[in-house]
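I opened a new model today and wanted to look up its side-chain contacts. These are my notes.

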Amino acid sequence: MINIPTLSGVIKPTRKLSLAVMSILLIMVIAYAAILLRYGAQGWLKYWNDDTVNYDYNEIFVKDFMSKSSSATQRYDALFSYFLRGFVDNATPNFERINYPGAGSIRGFSVSGIEGFARTAPLLAAWIYSGRDPIYQSKYLDKKIDLITTIKQGLLTGTDPNSPDYWGNFTMFDQKTVEAVDISRVLWLTKRQIWDSLTPAEKDRIANWLQKAMAAKVPDNNWLLFPVVIGVTLENLGYTPAIPYMNFYEQFKLRYKSNGWFYDTPEGIDYYNAWGMTYDLFWINLIAPAFDSDFINKANSDSASLVTHLISPAGIPIMGRSVCYRTAIPSPIMIANYQDPQKMSNGVARRSLDVVWQYFITHGALKNGRLTQGYFGDDLRFVDVYTGPGSCHWGTRSLVIAMLNPPASDFWTDKESTLPVETEDFALHLPELGWSVTGKKATGEIVIEITANTERSVAIEDITLYRKLKSLVFMRPFGPENHAVKYEQRFYSNKNPFPLYK
């Protein structure tokens with residue numbers, strides 16, 4: 001009798017294998033569905049890239065700003081028009097979000113739109129505050145823009161819990177807390193034109209949203225100033241803050257090092273002092289002049305003195321994160337000048353502003369109504385995961401302070417002076433900051449030496465195909481951190497800035 005082999009021993013394992021594969025595939029489908037629900041709902045697919053779009057006004061603005069035959073007022077009016085045009089062109093119907101094109105943020109599309117509004121509106125509000133005409137018209141726009149109505153509409157829509165476009169409530173470490181600080185600045189700047197025109201119910205609604213922002217937990221770093229700015233604003237508007245804010249201020253003040261600069265967890269000393277901490281201290285003092293004024297004024301004056309040594313016609317010795325805020329670096333100088341032109345002259349302040357904006361504009365900082373996400377143009381190697389397209393408009397902070405000066409003021413008409421590096425060679429030794437700063441008049445080179453760092457070659461990690469695919473699949477940014485090149489080099493020079501490394 002012949003024994004015929006059967007397939008039963010093969011079929012059973014194959015069936016088990018098929019079931020295992022199907023189970024794995026099902027788990028993968030469910031997992032990806034969860035990703036779609038979470039990050040798709042955050043609007044990842046709504047971000048858009050403007051590389052294929054050519055707005056006709058970009059070149060016109062640049063040409064007019066760089067014009068040597070125009071007055072300072074005319075040149076900066078053109079720059080204001082550039083940002084206003086971008087604001088209007090990318091706005092939602094009710095102006096509560098400005099959805100600029102660009103790379104997506106881990107915060108989500110909705111929050112990116114809030115950033116677009118909150119970080120650009122102070123420039124519009126400063127224009128109004130200075131006494132300039134709020135009904136804006138120029139050759140750069142095809143219609144008149146009522147700045148007061150535009151800002152007011154955005155504020156009322158964004159703070160309305162019954163609106164589908166509501167900015168939302170707050171959780172711990174909420175990005176919207178950052179944006180609420182700029183909203184409070186807008187309210188203070190336009191108090192007479194907007195706040196005083198609101199009904200009691202509208203005021204309560206806006207104040208309630210700010211109260212929620214103030215009560216949200218913040219990390220133990222430069223965010224400690226956010227509840228303070230919101231708190232003094234609420235008091236100025238006639239409201240009792242939701243929580244005491246002095247403790248936040250005292251915690252922050254303990255971080256003071258020297259030269260008006262503070263240690264910022266977790267990174268230490270970087271340019272957040274210029275575009276963040278000095279800036280917020282200024283607003284606290286402006287809104288509440290009696291608030292620790294001696295310390296704040298001294299710290300801001302010292303910060304300005306340091307920053308004058310970090311600016312050259314050949315650029316700035318950039319280091320640290322958030323490099324797309326680069327055009328805000330003159331802010332401390334602008335602040336010191338605004339507070340006391342006798343100590344910080346109009347000529348030096350204007351020179352610092354001009355040098356920075358001209359340098360970066362000639363190197364691609366402006367694109368289709370926005371500031372680019374990079375050091376020169378868009379550069380995803382240095383776009384932090386929390387940085388959406390509108391985030392970069394913290395870079396307009398130096399312009400905000402400039403626009404507080406009325407158009408006929410001495411700030412705009414006085415002749416420019418020279419910066420320290422244009423005057424002489426210098427060497428600053430700043431042991432408490434861990435920096436030595438040198439400048440050479442002949443070349444315009446400025447170098448920051450971080451004395452605790454070793455001299456070594458630091459490579460930049462690029463946007464690899466793997467990272468691109470990962471971002472595509474998971475619908476969130478997975479750019480490289482590049483921490484070492486930002487913070488761990490021995491020398492940082494404006495002649496060879498790290499964002500230009502290959």
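**Ground rules.** The model is predicted, so I kept local features only at pLDDT of at least 70 and side-chain atom pairs only at pLDDT 80 or more, while totals for chains, interfaces and linings use all residues. Residues are numbered from 1 along each chain as its sequence is written, and side-chain values use heavy atoms, with hydrogens and water left out.

**Entry 1: rings.** I looked up aromatic pairs and found 46. Rings of Phe, Tyr and Trp (its six-membered ring) pair if their centres lie within 6.5 Å; planes under 30 degrees apart are stacked, over 60 edge-to-face, and the rest tilted. I picked out Tyr359 and Phe360, an edge-to-face pair with centres 5.0 Å apart and planes at 85 degrees. I then checked burial (buried is under 20% relative accessible area, exposed over 50%, partly exposed in between, with a 1.4 Å probe and protein chains only). Tyr359 is buried at 12%. Phe360 is buried too, at 1%.

Tyr359 also pairs with Phe376: the centres are 5.8 Å apart and the planes at 65 degrees, so this pair is edge-to-face. Which parts does the pair tie together? Tyr359 lies in helix H13 (residues 346-361), and Phe376 in the loop between strand S6 (370-371) and helix H14 (397-403), so the pair ties together parts 17 residues apart in sequence. Helices (H or I, at least four residues) and strands (E, at least two) are DSSP runs, numbered from the N terminus. I noted Phe376 as buried, like Tyr359.

I also found a cluster linked by ring pairs: Trp261, Tyr271, Tyr272, Trp275, Tyr325, Trp394 and Trp435.

**Entry 2: helix H2.** I looked at residues 58-65. Asn58, Phe61, Asp64 and Phe65 are buried there. Their directions fall within an arc of 140 degrees down the axis of H2, so they line one face of the helix. The arc is taken from the directions from the helix axis to the C-beta atoms. Glu59 and Lys63 are exposed on the other side. What covers the buried residues? The cover includes helix H3 (72-89), H13 and strand S5 (366-367), with contact meaning heavy atoms within 4.5 Å.

**Entry 3: salt bridges.** I found 28 in the structure. Each is a side-chain nitrogen of Lys or Arg within 4 Å of a carboxyl oxygen of Asp or Glu. In one of them, Arg75 meets Asp354, with the closest N and O atoms 3.2 Å apart. Arg75 is in helix H3 and Asp354 in helix H13, 279 residues apart. Arg75 is buried at 6%, and Asp354 is buried at 4%.

Next I checked Arg255 with Asp220, whose closest N and O atoms are 2.9 Å apart. Arg255 is buried at 12%, whereas Asp220 is partly exposed at 43%.

I also noted a salt-bridge network that links Asp50, Asp51, Lys367, Arg370 and Asp378.

**Entry 4: Arg321.** I followed this residue through two contacts. Arg321 forms a salt bridge with Asp270, at 2.6 Å from N to O. Asp270 is buried at 1%, and Arg321 is buried at 14%. Arg321 also lies over the face of Tyr272, 3.9 Å from the ring centre. A charge sits over a ring if NZ of Lys or CZ of Arg is within 6 Å of the ring centre and within 35 degrees of the ring normal. Tyr272 is one of the residues in the ring cluster.
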